[in-house]
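Welcome! Here is a short tour of one protein model, with the main points grouped by topic. Have a look at the structure first, then read on.

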Amino acid sequence: MESGSPRIVSLPESDLCTAPVYCVCRRPDINCFMIGCDECNEWFHGDCIQITEKMAKGIRQWYCQECRANDATLAIKYRQKKTKEKERDGEAALDKEKRKEQSDLRLDKRKVAANRSARMCGECEACCRTDDCGQCDFCKDMKKFGGPNKIRQKCRLRQCEIR
């Protein structure tokens with residue numbers, strides 16, 4: 001055998017009988033790229049049908065030649081390509097949506113602030129207090145006092161007595 005000619009690898013007789021065969025070539029899979037028909041579920045070697053792995057990434061639904069011959073309604077469906085213009089339009093729409101969400105969030109925060117002030121009289125000793133005690137269970141939960149911040153309540157000494 002010459003050094004430049006391709007080698008043909010043959011399987012032993014026992015393996016040929018048990019190995020499943022695929023494709024139009026009716027040979028077993030030898031660890032190469034394959035694509036499956038979405039109609040008959042038969043698998044085909046990419047080399048045998050002239051489809052590369054890169055080409056297959058752009059295909060959403062693929063049907064073999066036999067299935068397409070039997071059913072004229074079957075056609076290969078490709079994925080939609082993203083163009084830079086569509087991406088820019090999509091980004092602009094996302095930016096607009098994000099800005100709308102942020103403005104809605106600001107309005108919600110204002111409503112929460114109004115509700116919070118409605119819970120404080122602003123006159124009692126607890127409402128006038130500005131610093132946390134650091135001793136109560138709520139203070140011990142706070143990050144600034146080394147807690148995990150799970151309870152998320154203000155200091156017991158700063159909770160309004162009237163409301």
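**Cores, buried spots and an exposed one**

The largest nonpolar core is made up of 12 residues: C23, I35, C37, F44, I51, A56, I59, W62, Y63, C64, C67 and L74. Keep in mind that this is a predicted model.

**The nonpolar cores**
- In soluble globular proteins, nonpolar side chains tend to be buried together.
- C64, one of the residues of the largest core, touches C37, C40 and F44, leaving aside its neighbours within four places in sequence.
- There is also a second, separate core of 5 residues, among them C136, C139, M142 and C155.

**H45, a buried histidine**
- You will find H45 in strand β4, which covers residues 43–45.
- H45 counts as buried because its relative accessibility is 6%, and the cut-off for buried is under 20%.
- Beyond its neighbours within four places in sequence, H45 is in contact with several residues, including Y22, C23, C25 and F33.

**D141, a buried charge**
- D141 is part of helix α6 (residues 137–141).
- Although D141 is buried, it has no salt bridge; R152, the nearest side chain of opposite charge, is 6.8 Å away.
- A polar atom of the D141 side chain lies 2.8 Å from the backbone nitrogen of I151.
- Leaving aside neighbours within four places in sequence, the contacts of D141 include G147, P148 and N149.

**E125, out in the open**
- E125 sits in helix α5, residues 125–128.
- With 66% relative accessibility, E125 counts as exposed.
- E125 and C160 are 35 residues apart in sequence, and their C-alpha atoms are 8.1 Å apart in space.

Technical notes
Residues are numbered from 1 along each chain as its sequence is written. This is a predicted model: local features need pLDDT of at least 70, side-chain atom pairs count only at pLDDT 80 or more; totals for chains, interfaces and linings use all residues. Side-chain values use heavy atoms; hydrogens and water are left out. Helices (H or I, at least four residues) and strands (E, at least two) are DSSP runs, numbered from the N terminus. Buried means under 20% relative accessible area, exposed over 50%, partly exposed in between (1.4 Å probe, protein chains only). Contact means heavy atoms within 4.5 Å. A nonpolar core is a set of buried Ala, Val, Leu, Ile, Met, Phe, Trp, Tyr and Cys residues joined through side-chain atoms within 4.5 Å. Lys and Arg count as positive and Asp and Glu as negative; His and the chain ends are not counted. A salt bridge is a side-chain nitrogen of Lys or Arg within 4 Å of a carboxyl oxygen of Asp or Glu. A polar contact is a pair of N or O atoms within 3.5 Å; within protein, one must be able to donate a hydrogen and the other to accept it, and residues adjacent in sequence count only if both atoms are side-chain atoms.
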